[in-house]
Amino acid sequence: MMAVATDLLPRNALLQRYNVDGHYADCFVVVVPRTIDLVAFIQAFYTTRLFRLERLVLSVALRRRITDTDVDCLARAETDAFAAWTVEARRDKEILLCDIAGRTRSWLACETDTAGTTTLRFGSAVLARDGALSPLIRATIPLHRCYARALLRAAHRRLLDKRVLPTSS
């Protein structure tokens with residue numbers, strides 16, 4: 001299985017607008033040896049066992065259930081809201097989500113080459129207040145990076161497992 005790697009944020013990525021001094025932005029990448037579209041990537045990412053744990057925590061915090069149907073609606077662009085996020089921007093191959101507090105962004109993108117191999121990217125941004133991240137936020141960045149890698153790795157595994165391969169449009 002291919003490892004998740006840290007990568008530079010592509011120049012034209014929707015998340016790029018937050019890759020500026022003071023803010024934190026990252027980009028992780030993994031390759032899937034088949035064609036995967038954004039719908040399938042979103043479905044796989046938000047339905048992994050690892051993210052289901054986050055959904056459970058969010059369900060308690062938000063006092064409402066977050067279902068696979070909610071994930072499907074987000075993936076298929078039938079809603080602009082999912083759990084604690086709203087869609088800030090979307091293109092055919094990428095989506096940018098903003099949390100309810102407006103302080104963080106989550107970004108998913110996929111790009112398939114002519115050989116049918118797909119590069120999956122997951123990135124996040126944390127917006128600084130008063131020009132800098134707080135010491136507490138800076139201290140949590142290493143944990144966030146580990147979690148982000150684990151989320152992308154889980155989605156990658158899910159997309160490689162033909163028994164649970166999400167449906168795609």
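Tutor: Helices (H or I, at least four residues) and strands (E, at least two) are DSSP runs, numbered from the N terminus. The model is predicted, with local features needing pLDDT of at least 70 and side-chain atom pairs pLDDT 80 or more, while totals for chains, interfaces and linings use all residues. Residues are numbered from 1 along each chain as its sequence is written, and side-chain values use heavy atoms, without hydrogens or water.

The largest pocket holds about 630 Å³ of space (a pocket is an open set of points on a 1 Å grid over the protein atoms alone, where a 1.4 Å probe fits, with protein on both sides within 12 Å along at least five of seven lines; lining residues have an atom within 4 Å of a point; the volume is that filled by probe spheres set on the points, which are joined across faces, edges and corners). Its lining has 27 residues, and those closest to the centre are Glu54, Thr104, Ser124, Val126 and His144. Helices H1 (38–46), H2 (49–62) and H4 (135–160) and strands E6 (104–112) and E7 (118–126) each give two or more residues to this lining. H4 gives the most, eight residues.

Turning to the loops, Arg63 lies between H2 and helix H3 (68–75). Phi of Arg63 is near 60 degrees, positive in a residue other than glycine. Ala83, in the loop between strand E3 (81–82) and strand E4 (85–91), also has a positive phi, about 50 degrees, without being a glycine. Arg63 counts as exposed because its relative accessibility is 77%, whereas Ala83, at 10%, counts as buried (buried is under 20% relative accessible area, exposed over 50%, partly exposed in between, with a 1.4 Å probe and protein chains only).
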